[in-house]
Each structure stands twice: as structure tokens, then as C-alpha cells.
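Thanks for coming, everyone. Please bring up the sequence and the structure, and I will walk you through a few places in them.

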Amino acid sequence: MMPSQIIISNISSSARLKYVKPGYQFLANHFVAWISVPILVILFIQVLSRGNLEILALLNSSHYGHVQILFSSFLVISLSTLYNKSKRRTIYLVDFACYKAPAELRVTFDAFIEHSKIILKSEPKSLEFQLKVLERAGLGEDTCLPSALHLLPPDPTLEACREEAEMVIFSAMDSLFLKSGLSPKDIDILVVNCSFCLSIPSLSSMVINKYQMKDSVKSFNILGMGCSASLISVSLVRDLLQVHPSYNAVVVSAELMTTIFYQGKERSMLVPNCLFRMGGAAILLSTRRTFCNIRAKYRLLHLVRTHTADDDTSYNCVQLKEDLEGNLGAWLSKELMAVAGKGLKLNLTALGPLVLPPSEKILYFMNFIARKISSSRWRPYIPKFKQAFEHFCIHAGGRAVIDGVQDSLQLSVEQVEASRSTLHRFGNTSSSSLWYEMSYIEAKGRMKKGDRILQISFGSGYKCNSAVWECAETVKIPTGDPWRDCIHKYPACVPQLIKSADQ
């Protein structure tokens, strides 16, 4: 065979294989339709072939009394009512709003380093370490810190922390009320989550007092759950709305930086200074699809919570503690990424059967059987989760977190664009980062009716939570979102890191 013939043969073979995989996926994912439609057509033809007279004669031949008909009707109605009562109600995300800090709170790299030089003036190695972390973190020049941390030296008092909380939370709540048309009196459930701010009265009480909410509002204040707390709050609201279906619920997710900005020299506690930035979001949830003359944006399909707190390494990998000199800060273990990978695997194992298309389930099952028969010849098959979703919102915890999830799920650059852009523009805003990413997708005009969105968050303990949303209506590009004046700059070009032997 001539070389040209071999090349042509290889090209034609590749072209044929190009359509094999999509064809298999289409057949496997629509197998029920392929089987049921012909059967229904055959039955319909059989009914028509018997003729109207035979059908009427068959109905007249049935001798049921009025009592039997009444009893049967009552039974059908009772079973239908029981089914509707036992069925879980659909939870809708009506709208949400994200906080955008004013320009005067922006912290550039130069300003951050100047502050660090004052704090670490006697520790040049720690300063150099912090500079390297900042360069590799994936943050841009427009992230923000609260006013107390712009002072020289920083003044992280409890009063300053409360001022930050009022600025972030009230701004997000005001935007949500404006977008939804709600009054504070319409809120029946309020859940506020924040990991680091220990406030008495609680932050939820602060919100109730500010907006003069009704005295029957059910309020919850969640602390210490880390960057996964927003989905934990949504999970709590989901369960409460099953019991109180007519209620309106608001979740407020915020992270307050004032009191946890570390002013010591321990390296594992300096890393959060380079990553965490101020931010927050308010989310309105309801069981009603049409709400105050607007239609809900999303419906909640699944929410899976997993944790590995029974393992000591996982439990201790993220802590709020004091160093040897008494300086308070967040401490991160070197095993953090390995623990996060373990948590992600555990969560996806529980989520997979709920969301993966039949084509992926079949391939996974076949690979499982093959490995049981001949374990040395087959590698474990990693299901392609990207076939189940149109959009991904990965917690913007840092470049390494996004890279790890991208590699695990085999995602493209475009599929992690929202996460990287959020990290670059706003930094790690803890549990609220998921909502900045949702807002980014909306601002790009990419959210279409029927699209499915996967949110993945990680938190201390160690926890990995995921939520699956379906877009109920094509979302128009919002005009009042936090991306309105910078969306044209993204996706930003962030240089890739070159790994060296000394890293």
C-alpha cells in the first residue's frame, strides 16, 4: 500500500471514529425514548384498528355500581393527595445580589507589599515568601480590603469588623430588595453565614434590627463552616421550605476580613492574607416560581453535602488559631490540597448517580466489571462530569484549588473561566465566591433556559459541598451586577506558572 493511501485510510478512520462517541452518547441517553415511542405507536394503531363500536361495547360491558365508582374515585384522589404531600417541593432561586466594594478600598500589589514591609520589617524571608504567594495566587490589582486594614499599622478592632459587616451585608441586602421588589417585612426565614466574625448580638440579629423585620422571622447565624457555608445555608433553607412552603427565605453569605488579618510571621498563616478579600452575597429562595411579578431564575435540582471530619488530618487542615506570639490568624496545613482532593472525590461519588447521563454510567459500570475481572489491564474510568453541565462555579479559593478541580473533572479553559475571573477581580471572598461566578456567567449573557450549573465549595472541617441548579428562564444581561464596569476586561490574561525544582 502506498504511503498516500495509508494517510488517506487513517484520515477516513479518524473521521469515522469522530462520530462514534457522539452517536453512542445519543443512543444511550435516549434509550428509553427509542424503546417507548415504537411501543406506543403500535398500541395506538391496535386501538384504532378495533374501531369505535368495539371500544364502546367494551366499556358498556363493565358492570360497576355507583358505590364502586365513588370508592374508586375517592381512592384515586386520596393517593394523589398523599403523593403530592410527600413529594419534595421544588426550591427556586428567585434572584441574588453581590456586594461590590468602593474603589477607595482597592488594594494593589504595591500597597499590599508596603503594608507587609511594616508588619514584617524584621522578617525579610517571610516578606519574600508572602510576595511569592501573591504572585502565584491569581489575584488582580482590583481586589479590596476593609478600611481598617488600610491603616498603618492595621487596626483590626471588633468595632471595625462590625462596620465592615454592615457595609457588606446591608449593601447586598439593599440590592436584593431593589431587584426583587420585596419588602423586609416579606422575609420569613433569614440565614446569615460568616466564618470568622464572632459578634454579639449576632449578624442575623443585626440584619433584623437594621431592616425592622417582623418578629416571627426565623433567623439563623452560622459560624465556623468555612468557604462551604453558603451551600450549607441553602441546604438549611431547602429543608425549612419543605415544612413552610409559603415562606420567603434569604441567605446572606459574607466573609469579614478585619479581625482575621494575620500580623505575625508564621508562613502557613501568611498565605490567607494574600488570598482572602472582602465580599458578600444575598440570595432569595422560595417555593414559588412566579414571585412579585418576576419569574425565578433557577431551580434547585440537587444538593450534596459531604465531610471528612472523622479523619484527624482533614479535621486539622484549616484552623483559626494564635501563633506562638499570640497573633490570631487562619492556619493552613500543607496537606490541604490532598484533603480537598479526597473531599471532592467523596462528594462526586455521591453526586454522580444523580446527574451523570446514562452513557457515562454505562461506561463506568463496564470499566468497574472489567477491573474486577482483570485489574492489571484496566485503569479506573473517570466519568466526564462536563457532559452533565453547561456551567461550572468552582470555589475561587486560589489558583491551586481551581487547577485541581479542573484536572479532576477534565474541564476546558472556558469552563473554569468564571472561577478564574472571580479570583482575579474579587479574590477569595470565601463562601460568596460562588455567587460572583454565577453573576459573571450572567454578565457574559451565557445563561440560557435549561442550562445546568454545578457549584462546588470547600470548607474547614473538612467539607466539600455541591449544588446543581437549572436555569428556569434565559437570564437577561443584568445592569446592576458587580461586573458591570469590568466585564469587558475578562477573561483576563493571567500568566501560567512554570514549575521549577525549588517550588
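Let's start with a pair of helices. H11 crosses H13 in a right-handed sense. Keep in mind that this is a predicted model.

Which residues make the contact between H11 and H13? From H11 come Met337, Leu344 and Leu348. From H13 come Ala400, Val401, Val405, Ser408 and Leu409. By type, that contact has seven nonpolar residues, one polar and no charged.

Now the geometry. Two packed helices are described by the angle between their axes and by the distance between those axes. H11 covers residues 336-355, and H13 covers residues 399-409. Their axes are 11 Å apart, and the packing angle is about 40 degrees. H11 and H13 are therefore oblique to each other.

On to the cores. In soluble globular proteins, nonpolar side chains tend to be buried together. Here, the largest nonpolar core has 77 residues. Which of them touch the most other members? They are Ile169, Met173, Met213, Leu285, Tyr298, Trp435 and Trp469. Helix H6, residues 158-180, gives this core its largest share, with nine residues.

What does Leu285 contact, once neighbours within four places in sequence are set aside? The list is Ile91, Tyr92, Leu93, Val234, Val237, Leu241, Asn248, Ala249, Val251 and Trp469. Trp469 was also on the list of residues touching the most other core members.

Next, Thr429. Look in the loop between helix H14, 417-426, and helix H15, 433-443. Is Thr429 buried or exposed? Its relative accessibility is 0%, so Thr429 counts as buried. Leaving out residues up to four places away in sequence, Thr429 touches Glu255, Arg277, Met278, Gly279 and Tyr436. Now find Ser253. Thr429 and Ser253 are 176 residues apart in sequence. In space, their C-alpha atoms are 9.5 Å apart.

Last stop, Ser419. Ser419 sits in helix H14. With a relative accessible area of 0%, Ser419 is buried. What is Ser419 in contact with, beyond its neighbours within four places in sequence? Phe392, Cys393, Ile394, Ala396, Ile402 and Glu437.

To recap: H11 and H13 are oblique, the largest nonpolar core has 77 residues, Thr429 is buried, and Ser419 is buried.

Terms used: Residues numbered from 1 in each chain as written. Predicted model: local features only at pLDDT ≥ 70, side-chain atom pairs only at ≥ 80, totals over all residues. Heavy atoms only, no water. Axes fitted to C-alpha atoms, helices over the stretch in contact; angles between N-to-C directions. Helix = DSSP H or I, 4+ residues; strand = E, 2+ residues; numbered from the N terminus. Parallel < 35°, antiparallel > 145°, perpendicular 65-115°, else oblique. Left-handed = near helix turned anticlockwise from the far one by under 90°. Contact = heavy atoms within 4.5 Å. Nonpolar A, V, L, I, M, F, W, Y, C, P; charged D, E, K, R; others polar. Core = buried A, V, L, I, M, F, W, Y, C linked by side-chain atoms within 4.5 Å. Buried < 20%, exposed > 50% of the residue type's maximum accessible area, 1.4 Å probe, protein only.
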